[in-house]
Amino acid sequence: MFDNISFANPDFFWLFLLLPLAIVWYIFKQKEQTASLRISSAKGFSYNSILPKLKPGLFLLRLLALGAIIVALARPQTEDISTRSKTTKGIDIVMAIDVSSSMLARDLKPNRLSALKEVAADFIKERPNDRIGLVVYAGEGYTKTPITTDKSIVLNALSEISYGQLDDGTAIGMGLATSVNRLKESKAKSKIIILLTDGVNNSGFIEPQTAADLAIEFGIKTYTIGIGTNGNALTPIQYNPDGSFRYGMRQVEIDENLLKDIATATGGKYFRATDNESLEEIYDEINKLEKTEVEEFKYYRYEEKFRPWILLAGILLLLEWILRNTLFRSFV
């Protein structure tokens, strides 16, 4: 009966101390009311009724009724809690993804681009309260998806990213500038870019430093990720007429100094992903660094449960009165 029950007036429970006092009072009263009669013989006075022995049960009914009244005074109630969350500090995120031919290198499994798409999808799913957009770049850059809260659109667009959609090359400045353009009008409290590349800037008409200056001007933090093993990687070196590639071992060249400079200047951080596991860890760290503030509102609804106790006390007192004036009338 007390499962999931709280009490609005628990101070009334001290009244239970009256119960043992009432028991002591009852015992002394019974002794005072008990008279003795000396006779030479009890023969002829035998009486086998069990009612006199049950008479204390009337007092027990009163005690139980008093206990029920005390519980009712303490106001038992059930508590129903509902919550509603509200995002108080949203984050707008643009993920700038390198789709040059070198992203098909197989130092990550099955290749850099596929590994990135898998990890990025998990990252997107873990940001339910943020707006996310996608920018892809190679020899140039373009917006794949504007920032949106619809994660299904972003995830679908991410799955469609592949090599061959743009002229080959690595235009880091174009990728970053396009990302800044998507975020510059944002009213979000925090704006970030996650820029990933596996090479050196060799294309585009916007210098990376110029794009970084734009990010600084609009208050956009940039996390940069260099992807590729330390050493040689099995990389496409020739495009075949049938659409396939011929692979060969090539030295992994990443302009880490440039990526570090961009991250530092914009208030972000540079990471290096040399395998699938480190790439996952990088996105996990960014996820922890960029926390969205969510305010939770709790609503409490109370339902009073004292009425059954009052009813129980009334039934016990009524039962005691009936028994006292009927079955136990001769012994009271």
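## Salt bridges

A salt bridge is a side-chain nitrogen of Lys or Arg within 4 Å of a carboxyl oxygen of Asp or Glu. By that criterion, E285 pairs with K269, and their closest N and O atoms are 2.6 Å apart. E285 sits in helix 9, while K269 is in the loop between helix 8 (256–266) and strand 10 (270–273), so the bridge ties together parts 16 residues apart in sequence. Helices here are DSSP runs of H or I with at least four residues, strands are runs of E with at least two, and both are numbered from the N terminus. E285 has a relative accessible area of 29% and is partly exposed. K269, at 36%, is partly exposed too. The terms are set as follows: buried is under 20% relative accessible area, exposed is over 50%, and partly exposed lies in between, with a 1.4 Å probe and protein chains only.

The model is predicted: local features need pLDDT of at least 70, side-chain atom pairs count only at pLDDT 80 or more, and totals for chains, interfaces and linings use all residues. Residues are numbered from 1 along each chain as its sequence is written, and side-chain values use heavy atoms, with hydrogens and water left out.

The whole structure holds 12 salt bridges. One of them joins K144 and E160, at 3.7 Å from N to O. This pair links distant parts of the chain: K144 belongs to strand 5 (residues 141–148) and E160 to helix 5 (residues 151–160), 16 residues apart. K144 is partly exposed, with a relative accessible area of 21%. E160 is also partly exposed, at 42%.

E320 is buried, because its relative accessibility is 4%. R324 is partly exposed, at 22%. A network of salt bridges links R62, E320 and R324.

Helix 3 (56–73) packs against helix 10 at an angle of about 160°, with the axes 8 Å apart. Helix 3 is therefore roughly antiparallel to helix 10. Axes are lines fitted to C-alpha atoms, for helices over the stretch in contact, and angles run from 0 to 180 degrees between N-to-C directions. Angles under 35 degrees count as roughly parallel, over 145 as roughly antiparallel, 65 to 115 as roughly perpendicular, and the rest as oblique. The crossing of helix 3 and helix 10 is left-handed. A crossing is left-handed if the near helix is turned anticlockwise from the far one by less than a right angle, and right-handed if clockwise.

Helix 4 (residues 112–125) and helix 9 (residues 276–289) form another pair. Their axes come within 10 Å and cross at roughly 25°. Helix 4 and helix 9 are therefore roughly parallel. Their crossing is right-handed. D122 is in helix 4. D122 is partly exposed, with 40% relative accessible area.

## Loops and backbone

The loop between strand 3 (91–98) and helix 4 contains P110. The peptide bond from K109 to P110 is cis, with omega near -5°. R106 lies in the loop between strand 3 and helix 4. R106 is partly exposed, at 39% relative accessibility. R106 and Y247 are 141 residues apart in sequence, but 9.3 Å apart in space, C-alpha to C-alpha.

R75 lies in the loop between helix 3 and strand 2 (76–89). Phi of R75 is near 55°, a positive value in a residue other than glycine. R75 is partly exposed, at 33% relative accessibility.

## A nonpolar surface patch

W14, L17, L18, L21 and L66 make up a nonpolar patch on the surface. Together they have about 520 Å² of accessible area. Such areas come from the Shrake-Rupley method with a 1.4 Å probe, and for residues only the protein chains shown count as cover. Patches take residues with over 30% relative accessible area and no salt bridge; like charges are joined within 9 Å, nonpolar side chains (Val, Leu, Ile, Met, Phe, Trp, Tyr) within 5 Å.

L17 is in the loop between strand 1 (5–7) and helix 1 (18–33). L17 counts as exposed, because its relative accessible area is 60%.
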